[in-house]
Amino acid sequence: MRITILFGGSNRERLVSVASAQALHQALPEADLWWWDVEDNVHTVQSKQLLEHARPFEDEFKPGTRGIPLAQALDQAKAEGRLLVLGLHGGRAENGELQLMCEARGVPFTGSGSASSHLAFDKIAAKHFAALGGVTPPANIALDQIDAAFAEYGRLIAKPARDGSSYGLIFVNAKQDLVAVRNAARHEDYVIEPYIAGVEATCGVLERPDGSIVSLPPIEIIPGEGNFDYAAKYLLKSTQEICPGRFTPEVTATLMDHAMRAHRAMSCTGYSRSDFIVSPKGLVYLETNTLPGLTKSSLYPKALKVEGIAFVAFLHGLIELAEARVRK
């Protein structure tokens, strides 16, 4: 099949997507490059345009070529026998819409299918299913109960219910922060939870071509300025990401087990990464990402390296799974 890296997207995480696409293309230099722009058009991009783009987190990549509508591009992908390697994050790229458009046409793609992508992207639904799968999420707090909850817990955290949680993350440490949550909730649904003190951790899961799944080494995250938001993830050099994390053997085993439980609970395929808080009272599940970042500095590739899995071998495994899925 003709391998094509699809990157960009119509949401705000398209900027990080450029950096993922750069890493993907360096591992798969034979792949074609398609850029999905904010107006829902797809452009063919040359290798030099992508690899020499120097500001992936700050500037929108503009290939300067005339594109075609996304639906038309997917029809073309089907006609030309293309397999899409997704270097995408958030929005319609991760909520199952793109995946469904591919499934309807029989276009193979890497990562989870439409149903599991949609489920994992909805943080409230994901927490419910993960709990049924045997992990422990934090409580949900209704917006009209936020004052009482703040009085009870002292600290809260609020994040968009259906978007990457690095964006729009609000730490409620004082009463004036309650106003910020209410204002944000006017524009999109928010998940509100008690703030859980502890060590931030994340753990990837990998599906092998034979269908078996394994957990990767858990990563310990020490945010550069105390909060693991967008700036801490992508901009602050002071953020530490330690792999394998400095957890006890028991905590490490639990993290790996719970990451696989969440992966299975949402019927993820290919790969996923789940986030947790290691608190004094035990492990708390936060969310599952079905398209974790694949930049050179991203967490998932770091865990692959520690596990001894070459990035290119990982990608070829995803491609093999995608080919097998479309043949079913």
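User: What does buried mean here, and how many of the 328 residues count as buried?

Analyst: Buried means under 20% relative accessible area, exposed means over 50%, and partly exposed lies in between, with a 1.4 Å probe and protein chains only. By that cut-off, 54% of the 328 residues of the protein chain count as buried. This is a predicted model: local features need pLDDT of at least 70, side-chain atom pairs count only at pLDDT 80 or more, and totals for chains, interfaces and linings use all residues. Residues are numbered from 1 along each chain as its sequence is written, and side-chain values use heavy atoms, with hydrogens and water left out.

User: What makes the protein chain as compact as a globular protein of its length?

Analyst: The chain holds 12 helices and 14 strands; helices (H or I, at least four residues) and strands (E, at least two) are DSSP runs, numbered from the N terminus. Its radius of gyration is 19 Å, close to the 20 Å that the globule rule gives for 328 residues, so the chain is as compact as a globular protein of that length. The radius is taken over C-alpha atoms, and the rule is 2.2 Å times the number of residues to the power 0.38. Along its principal axes, the C-alpha trace spans about 60 × 40 × 35 Å.

User: Why is strand β13 called largely enclosed?

Analyst: Nine of the nine residues of β13 (residues 271–279) are buried, so the strand is largely enclosed by the rest of the structure. Both of its faces are covered: Y271, R273, D275, I277 and S279 lie on one side, and S272, S274, F276 and V278 on the other.

User: How do you know that β13 pairs with β9 and with β14?

Analyst: Two strands pair if DSSP finds at least two bridges between them. Eight bridges join β9 (residues 199–207) to β13, in the antiparallel sense, and V199 stands opposite V278. Seven bridges link β13 with β14 (residues 282–289), again antiparallel, and V284 is the bridge partner of I277. A hairpin of two residues joins β13 to β14.

User: Why is H258 called buried, and what does H258 touch?

Analyst: H258 sits in helix α10. Its relative accessible area is 12%, which is under the cut-off for buried, so H258 is called buried. Leaving aside neighbours within four places in sequence, H258 is in contact (heavy atoms within 4.5 Å) with G134, V135, F276 and L283.

User: Why is N183 called partly exposed rather than buried?

Analyst: N183, in helix α8 (residues 175–185), has 33% relative accessibility, so it falls between the two cut-offs and counts as partly exposed. The C-alpha atoms of N183 and L33, 150 residues apart along the chain, are separated by 39 Å.

User: What makes helix α5 mostly covered?

Analyst: Six of the eight residues of α5 (residues 114–121) are buried, namely S114, S116, S117, L119, A120 and F121. These residues pack against α4 (97–105), α6 (123–132), α10 (249–265) and β14.

User: Why are β4 and β5 called edge strands?

Analyst: Five strands form an open sheet in the order β4-β3-β2-β1-β5, with mixed pairing. The edge strands are β4 (68–69) and β5 (82–87), and each pairs on one side only. For β5, six bridges in the parallel sense link it to β1 (residues 2–8), where R2 has R82 as its bridge partner.
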